[in-house]
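Morning, everyone. I have one model to walk through. Please bring it up on the screen.

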Amino acid sequence: MRRSGTGVLRLACTPALGLGVMPAALEAFLQQYPDVHINMQTVGSQYLREGLLHGTYDVVITTAELDDANLSLRRLHRSSAVCVMRPDHALAGQESVDIGDLNARRLLVLNADDDVHQQLRGAMRARAVQPQGEIETTYSSTICALAAAGSGVGVVNAYIARVFSGQLAIRPFTPRLPVQVSMAYPGQIAPSDVTEACAHVREARFAALDDESGPDAHAPRPVG
């Protein structure tokens, strides 16, 4: 694969990135390497590290921390979590949503091991925010679907929120909850030329998201 640009590229990413960023990035990659067979798996962040260490994947893309001495990390992008709700929701009339606005409202949340969820919980404790009730689910895409149906208000990464932009009101959220996108691959194996090319295409796709978003406060930003 290093020499000819053909072969198999095995990659994995979180479901949110699989919906929000990877389709366009992979299409751009295939324009350059049309003969590469791609095996892309969307799995929970807890399985990404195991897949790399066990040789299941060549590279993974994630918003979760994968700090491990046996892995090489490359920071691709950073952004902040955003608040999502139905366009006719009371909070949709605001330019931004503060964590205090979540008090006494039904909240859509991710499972406890999610990075955004942990940051949100810490901020809620600091401000003594008490939601009216909660719906807990595994994927941020489900939170967006529930918010679009009017089931509550959610706080998710901006990448998945963009996928549902036609159904949701998306507002900047304070306090800022950072979201970092990283690429990881086994530390003992140098990435192939094709793997590097795939990384460059992903970086270009993130930059394109910034250009499309313009000055929006909730837009993802490149690492710099």
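Let me start with a question: in which loop does A128 lie? The loop between helix 4 and strand 8 (133–137). Helices (H or I, at least four residues) and strands (E, at least two) are DSSP runs, numbered from the N terminus.

Some ground rules. This is a predicted model, where local features need pLDDT of at least 70 and side-chain atom pairs count only at pLDDT 80 or more, while totals for chains, interfaces and linings use all residues. Residues are numbered from 1 along each chain as its sequence is written, and side-chain values use heavy atoms, with hydrogens and water left out.

Back to A128. Its phi is near 55°, a positive value in a residue other than glycine. A128 counts as exposed, at 56% relative accessibility. Exposed is over 50% relative accessible area, buried is under 20%, and partly exposed is in between (1.4 Å probe, protein chains only).

A104 also has a positive phi, about 65°, and is not a glycine. A104 sits in the loop between strand 6 (97–98) and strand 7 (106–110). A104 is exposed, at 51% relative accessible area.

Next, a peptide bond. T174 to P175 is cis, with omega near 5°. P175 is in the loop between strand 10 (169–174) and strand 11. Why flag these? Most residues other than glycine have a negative phi, and most peptide bonds are trans.

Now the whole chain. We have seven helices and twelve strands. Of the 224 residues, 46% count as buried.

On to the largest pocket. Its space is about 620 Å³. A pocket here is an open set of points on a 1 Å grid over the protein atoms alone, where a 1.4 Å probe fits, with protein on both sides within 12 Å along at least five of seven lines; lining residues have an atom within 4 Å of a point. The volume is the space filled by probe spheres set on the points, which are joined across faces, edges and corners.

The lining has 28 residues, and T14, S45, T63, D114 and D115 lie nearest the centre. Strand 11 gives the largest share, four residues.

Last, the rings. There is one aromatic pair. F29 and Y33 have ring centres 5.2 Å apart and planes at 20°, so they are stacked. The rule covers Phe, Tyr and Trp (its six-membered ring): centres within 6.5 Å, with planes under 30 degrees apart stacked, over 60 edge-to-face, the rest tilted. F29 is buried, at 0% relative accessible area.
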